[in-house]
Amino acid sequence: MEAVPPGTRAWASTALASIPEIADPRVELVPGDPIGLVQRLRKEEGGDIWLCGGGQLAGALLPEIDELIVRSYPVVAGDGISAFTGTFRPTLFTPARSRSFGNGATVAWYDRT
């Protein structure tokens with residue numbers, strides 16, 4: 001499975017991680033401020049911005065996040081990556097919808113309040 005689906009553009013913020021290069025020509029490495037990147041992308045014509053990158057990136061971009069999509073699985077695996085890291089900033093989101101699957105997994109959508 002490809003990390004970037006065909007017909008999709010992707011950007012990798014290198015401000016929070018050391019990424020020397022990415023072999024996929026559809027992925028643009030963007031050094032610097034990830035908030036600036038998201039604000040620039042919002043001004044461009046196109047679709048939604050999908051954030052993947054762990055708690056450090058999510059924590060840095062929390063002021064720009066307007067929707068959360070949270071997947072959960074009925075498995076306890078122990079240690080893992082935090083959903084958000086950084087300064088404690090309680091941020092309210094409202095449940096919008098959810099979907100459950102036969103294997104016990106769920107996906108929940110939350111809109112920024």
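Is Asp66 buried, exposed or partly exposed? In this predicted model, Asp66 has a relative accessible area of 47% and is therefore partly exposed, where buried denotes under 20% relative accessible area, exposed over 50%, and partly exposed the range in between (1.4 Å probe, protein chains only). Residues are numbered from 1 along each chain as its sequence is written, and side-chain values use heavy atoms, with hydrogens and water left out. Because the model is predicted, local features need pLDDT of at least 70 and side-chain atom pairs count only at pLDDT 80 or more, whereas totals for chains, interfaces and linings use all residues.

A search of the whole structure identified 3 salt bridges, a salt bridge being a side-chain nitrogen of Lys or Arg within 4 Å of a carboxyl oxygen of Asp or Glu. One of them is formed by the side chains of Asp66 and Arg42, with an N to O distance of 3.5 Å. This pair links distant parts of the chain, with Asp66 in the loop between helix 2 and strand 3 and Arg42 in helix 1, 24 residues apart. Helices (H or I, at least four residues) and strands (E, at least two) are DSSP runs, numbered from the N terminus. The side chains of Glu64 and Arg42 also meet in a salt bridge, at 3.2 Å from N to O. Here too the pair links distant parts of the chain, Glu64 lying in the loop between helix 2 and strand 3 (67–72) and Arg42 in helix 1, 22 residues apart. The C-alpha atoms of Arg42 and Glu64 are separated by 9.9 Å. Glu64 is classed as buried because its relative accessibility is 16%, while Arg42, at 43%, is partly exposed.

Beyond its neighbours within four places in sequence, Arg42 is in contact (heavy atoms within 4.5 Å) with Ile49, Glu64 and Asp66.

A further salt bridge is found between the side chains of Glu44 and Arg40, at 3.7 Å from N to O. Glu44 counts as partly exposed because its relative accessibility is 32%, and Arg40 is likewise partly exposed, with a relative accessible area of 36%.

Cys52 is located in the loop between helix 1 (34–43) and helix 2 (55–61). With a relative accessible area of 57%, Cys52 is exposed. The C-alpha atoms of Cys52 and Ala12 lie 9.4 Å apart in space, and the two residues are 40 residues apart in sequence.
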